[in-house]
Amino acid sequence: RTLSAEMDSQNSELVKQQVQAELANAYAQEFFTTVREKCFAKCITKPGPSLSSGEATCVSRCTDRYVDATRMISGVVLQAYSSGQGGV
């Protein structure tokens, strides 16, 4: 390989990593926005300066459910992708 081809390959890999990082960041922001909105709507009945213990418990459980569901879905998608079924 020539030096130019090797540099192009490195640049391509760097761009790929940057795009993946940006996508991961965007996904994380969307996930937390969704969780915040859904859990707030479900758990906070009377907004105030602090959460009641019931509200805090509800928010914690709601968030845990979203995290668990996301893990499960991600696992299924990754498994399908790695087994060659990219179009889940």
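A disulfide is taken here as a pair of cysteine sulfur atoms within 2.5 Å. The structure is a predicted model, in which local features need pLDDT of at least 70 and side-chain atom pairs count only at pLDDT 80 or more, whereas totals for chains, interfaces and linings use all residues. Residues are numbered from 1 along each chain as its sequence is written, and side-chain values use heavy atoms, with hydrogens and water left out.

The protein contains two helices and zero strands; helices (H or I, at least four residues) and strands (E, at least two) are DSSP runs, numbered from the N terminus. Of its 88 residues, 11% are buried, where buried means under 20% relative accessible area, exposed means over 50%, and partly exposed lies in between (1.4 Å probe, protein chains only).

By the sulfur-distance rule, two disulfides are present. One of them joins C39 to C62, with an S to S distance of 2.0 Å. The torsion about the S-S bond of C39 and C62 is about -85 degrees, so this disulfide is left-handed. C39 belongs to helix α1 (residues 3-43) and C62 to helix α2, and the pair links distant parts of the chain, 23 residues apart. C39 is buried because its relative accessible area is 2%, and C62 also counts as buried, at 3% relative accessibility.

The sulfur atoms of C43 and C58 lie 2.0 Å apart and form a disulfide. The link of C43 and C58 is left-handed, with -65 degrees about the S-S bond. Since C43 is in helix α1 and C58 in helix α2, this pair ties together parts that are 15 residues apart in sequence. Both C43 and C58 are buried. With bonded cysteines counted along the chain, the disulfides follow the pattern 1-4, 2-3.

In soluble globular proteins, nonpolar side chains tend to be buried together. A nonpolar core is defined as a set of buried Ala, Val, Leu, Ile, Met, Phe, Trp, Tyr and Cys residues joined through side-chain atoms within 4.5 Å. The largest such core consists of seven residues, namely F31, V35, C39, C43, I44, C58 and C62. Helices α1 and α2 are the elements that give two or more residues to this core, and α1 gives the most, with four residues. Apart from its neighbours within four places in sequence, F31 is in contact (heavy atoms within 4.5 Å) with Y66, V67 and T70.

E55 lies in helix α2 (residues 53-82). Its contacts, leaving aside neighbours within four places in sequence, are C43, I44, T45, K46 and S50. E55 is buried yet has no salt bridge, and K46, the nearest side chain of opposite charge, is 8.3 Å away. For charge, Lys and Arg count as positive and Asp and Glu as negative, while His and the chain ends are not counted.

A salt bridge is a side-chain nitrogen of Lys or Arg within 4 Å of a carboxyl oxygen of Asp or Glu, and the structure holds one. This salt bridge is formed by D68 and R71, whose closest N and O atoms are 3.8 Å apart. Both residues lie in helix α2, three residues apart, about one turn of the helix. D68 counts as partly exposed, at 47% relative accessibility, and R71 as exposed, at 60%.
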